[in-house]
Amino acid sequence: MDARSPREPTGRDTTPGPGAPLRGHTPGGARPAAPGPGSGSGSGSAEQDPAAGDTTTGAPATEDTAARAGRPGRDAAPAGASEPVPEPAPDPAPDPVRDRWREPMRLALSEAVRAPRTGDVPVGAVVLGPDGAVLGRGRNEREAVGDPTAHAEVLALREAARARGEWRLTGCTLVVTLEPCTMCAGAAVLARVDRIVIGAADAKAGAAGSLWDVVRDRRLNHRPEVIHGVLAEECAAPLTRFFRSGRRPGPRT
Ligand SMILES: [Zn+2]
C-alpha cells in the first residue's frame, strides 16, 4: 500500500452498497462499508479476478476515501501530533479468514497513526514471522527522511530481513493498513512473503487487486496469498482524518 502513492486510498466504485455481499469473496468477508457517497468496499472489480485463488476480499472503504480521489500525492503536511489509534469497530460476525489478523493489523495501525507527526500519510505495516512474532515494523517516512521509497512496507520488510539475517522472508506475513503500491507489492513478492494482509483498499493506486495485481500474476513464480479487508474502516479512518485536516499534498515550500 501505499499511501505513499500519489493518492490516498479511495473507495471502490464498483463496490456493492453497505452490507451487500461482495462478489467473489470468501464467506464472511463482506463488511458494511461506511455510509456516504462514493463509499465502497474494497471489493473492487480488479481483485475479483485474482490470478490465484485467494481469500481476497474487498476492503470496505469510507466515503472519505472517495473524496480523496484525485489527490496528487501523499505529500507532506505540516508536522503534527500523531493521531490516536482508532477504536476497533464492532464486528460480531465471526470471520475465520480475517479475525486472526486483527491484532497484527492493530499493531500496523499503531505505526500508521505516528506518521502524521512528520507530515507523512498514515500508513503502517508489520512483518510477522511464521510463528507470529513481529520481525519488522514500519510507517511512512517519506517526508521524514526525504526518501521516495520510504514506504511502510519497505521499511518493515527491511527490518524483518535484518532480524532474520537474510532477504528471504519465506513463511512471513506482511500486514499493512493500506493496499500496497506497485513498489511495495513488488517488494513483498521479491521478499517471498507467504501472505499479504491488507486493511483498506486503494482503488487509485493499489497493486494487490485494485488497480493492478502484481502479487498474484500467474506469470510469477511466487504469488503470496492476499487477504483484504482486515479492519478496513479503522485503517481508512486515519487517512481520512489526515487529508481532511488539511494536511494534504501540495506544492512543497
Ligand atoms: Zn508502497
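What percentage of the 253 residues of the chain count as buried?

**View 1. Whole chain of the predicted model.** Of the 253 residues, 55% count as buried (20 or more other C-beta atoms within 10 Å of the residue's own, with C-beta atoms placed from the backbone). The chain holds six helices and five strands (DSSP runs of H or I, at least four residues, and of E, at least two, numbered from the N terminus). Their order from the N terminus is α-α-β-β-α-α-β-α-β-β-α. Residues are numbered from 1 along each chain as its sequence is written. Because the model is predicted, local features need pLDDT of at least 70 and side-chain atom pairs count only at pLDDT 80 or more, while totals for chains, interfaces and linings use all residues.

**View 2. Helices α4 and α5.** Helix α4 (residues 152–164) packs against helix α5 (residues 182–190) at an angle of about 20°, and their axes are 8 Å apart (axes are lines fitted to C-alpha atoms over the stretch in contact; angles run from 0 to 180 degrees between N-to-C directions). The two helices are therefore roughly parallel (angles under 35 degrees). Their crossing is left-handed, with the near helix turned anticlockwise from the far one by less than a right angle.

**View 3. Residues between α4 and α5.** Glu153, Val154 and Leu157 of α4 meet Cys184, Ala187 and Ala188 of α5 (contact: C-beta atoms, placed from the backbone, within 7 Å). By class, this contact has five nonpolar, no polar and one charged residues (Ala, Val, Leu, Ile, Met, Phe, Trp, Tyr, Cys and Pro are nonpolar; Asp, Glu, Lys and Arg are charged; the others, Gly among them, are polar).

Key:
Parallel < 35°, antiparallel > 145°, perpendicular 65-115°, else oblique. Contact = placed C-beta atoms within 7 Å. Buried ≥ 20, exposed ≤ 12 C-beta atoms within 10 Å, placed from the backbone.
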